[in-house]
Amino acid sequence: MLEVKNVTKRYRTIPAVQNVSFLLKQGEILGYLGPNGSGKSTTVKMITGMIEPSDGVILFCGKNIHDDLAGFRAHLGYVPEEAQVYTHLSGLEYLQLVGRLRGMPEKLIDTKARGLLQLFSLEASQYSAISDYSKGMKQRVLLSAALLHDPQLLIFDEPLSGLDAVTARLFKDLLVLLAREGKAILYISHVLEVVERVCDRVIILAKGNVVADASPSQLTELTSLPDLESVFAQLVQQTDTEQVARDLVQVMKVNHAQ
């Protein structure tokens with residue numbers, strides 16, 4: 001469904017993403033992982049059409065997304081890492097705005113918006129300004145907006161941010177059902193235990209390059225490591241976090257300058 005082919009993005013000749021390729025199939029949940037600065041956000045911006053690749057091409061159902069960007073986005077649902085919403089609107093008004101921008105009929109917008117808000121436990125706050133919402137409430141509005149038009153492709157960037165335990169569990173169950181419905185899902189997160197549990201396959205980026213592309217079980221088996229977190233740390237060559245933590249405590253204990 002979504003194919004990223006040999007994609008590179010350079011800024012002033014410096015590559016942020018280099019020669020990245022992967023295929024996201026219908027009904028698949030693909031984890032897209034990497035440390036800060038690895039190129040995840042740049043990849044997402046290219047997939048959503050916010051920026052164009054310096055080299056390579058991004059295809060949706062076999063067609064270059066930039067040949068008909070509006071048409072492609074009609075099939076895309078996206079929850080960004082940062083909750084950018086019109087805070088003077090209520091939750092219901094925001095979803096109505098999103099639906100209208102997508103050209104949905106008013107009656108359908110109202111039915112689906114109210115239904116989503118109710119199921120995400122926002123019915124009591126649907127008329128309140130989003131500026132009064134907590135971070136988790138804003139995240140639930142963004143999730144509702146991404147699902148409103150029943151998209152074929154979903155991109156979730158740190159979707160659990162701010163969610164309480166119950167809503168986080170609901171979202172994990174929802175992911176599985178969306179995949180069963182044939183949605184293609186790109187899942188970006190630092191919560192690796194969730195990625196390991198819900199993703200069919202994971203791609204790990206380091207310094208703009210793909211260093212792994214396999215199922216979580218294959219990665220742990222091939223590396224003889226106990227879990228995805230250990231695999232991730234080894235592949236991206238992270239520092240010895242335990243030693244750094246000890247050093248931080250020692251600095252914290254210093255009570256006067258030498």
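Modeller: Two strands are said to pair if DSSP finds at least two bridges between them. With that in hand, and bearing in mind that this is a predicted model, we can begin with strand S4, which covers residues 55–60 and is joined to S5 by two bridges, the two strands running antiparallel. In this pairing Phe60 stands opposite Lys63 of S5, and the two strands form a hairpin with two residues between them, where Cys61 in the turn has a positive phi of about 55°. Phe60 of S4 also has Leu2 standing opposite, and the pairing of strand S1, residues 2–11, with S4 is again antiparallel and extends over five bridges. Taken together, four strands make up an open sheet in the order S2-S1-S4-S5, with antiparallel pairing. Its edges are strand S2 (14–24) and strand S5 (63–64), each of which pairs on one side only.

There is a further open sheet, built of six strands in the order S6-S7-S8-S3-S9-S10, and here the pairing is mixed. Strand S6 (76–79) and strand S10 (209–214) stand at the edges with a single partner strand each, so one side of each has no neighbour in the sheet. From one strand to the next, the twist averages 15°. Within this sheet, strand S7 (residues 153–157) is joined to S8 by five bridges, and the two run parallel, with Phe156 standing opposite Tyr187 in S8. Helix H6, residues 165–180, packs on the sheet and touches strand S3 (29–33), S7 and S8, its direction making about 145° with that of S8. Helix H9, residues 228–235, packs on the sheet too, touching S3, strand S9 (201–206) and S10, and its direction makes about 30° with that of S9.

Ile155 lies in strand S7 and has a relative accessible area of 0%, and since buried means under 20%, it counts as buried. Setting aside neighbours within four places in sequence, Ile155 is in contact with Val44, Ile47, Thr48, Leu76, Gly77, Tyr78, Val79, Leu186 and Ile188. One of these, Ile47, lies 108 residues away along the chain, yet the C-alpha atoms of Ile155 and Ile47 are separated by 9.3 Å. Ile188, in turn, belongs to strand S8 (residues 184–188) and is likewise buried, because its relative accessibility is 1%. Beyond four places in sequence, the contacts of Ile188 are with Tyr32, Lys40, Val44, Ile155, Phe156, Asp157, Glu158 and Pro159. Between Ile188 and Pro159, which are 29 residues apart along the chain, the C-alpha separation is 8.0 Å.

Gln139 sits in helix H5 and counts as buried, because its relative accessibility is 2%.

Helix H5 has a packing partner of its own. Two packed helices are described by the angle between their axes and the distance between the axes. For helix H3 (residues 91–101) and helix H5 (residues 135–147), the angle is about 25° and the axes are 10 Å apart. That angle makes H3 roughly parallel to H5, because angles under 35 degrees are counted so. The crossing in which H3 passes H5 is right-handed. H3 brings Gly91, Tyr94, Leu95 and Val98 to the contact, while H5 brings Val141, Leu142, Ser144 and Ala145. Of the residues in this contact, six are nonpolar, two are polar and none is charged.

How values were computed
Residues are numbered from 1 along each chain as its sequence is written. This is a predicted model: local features need pLDDT of at least 70, side-chain atom pairs count only at pLDDT 80 or more; totals for chains, interfaces and linings use all residues. Side-chain values use heavy atoms; hydrogens and water are left out. Axes are lines fitted to C-alpha atoms, for helices over the stretch in contact, and angles run from 0 to 180 degrees between N-to-C directions. Angles under 35 degrees count as roughly parallel, over 145 as roughly antiparallel, 65 to 115 as roughly perpendicular and the rest as oblique. A crossing is left-handed if the near helix is turned anticlockwise from the far one by less than a right angle, and right-handed if clockwise. Contact means heavy atoms within 4.5 Å. Ala, Val, Leu, Ile, Met, Phe, Trp, Tyr, Cys and Pro count as nonpolar, Asp, Glu, Lys and Arg as charged, and the others, Gly among them, as polar. Buried means under 20% relative accessible area, exposed over 50%, partly exposed in between (1.4 Å probe, protein chains only).
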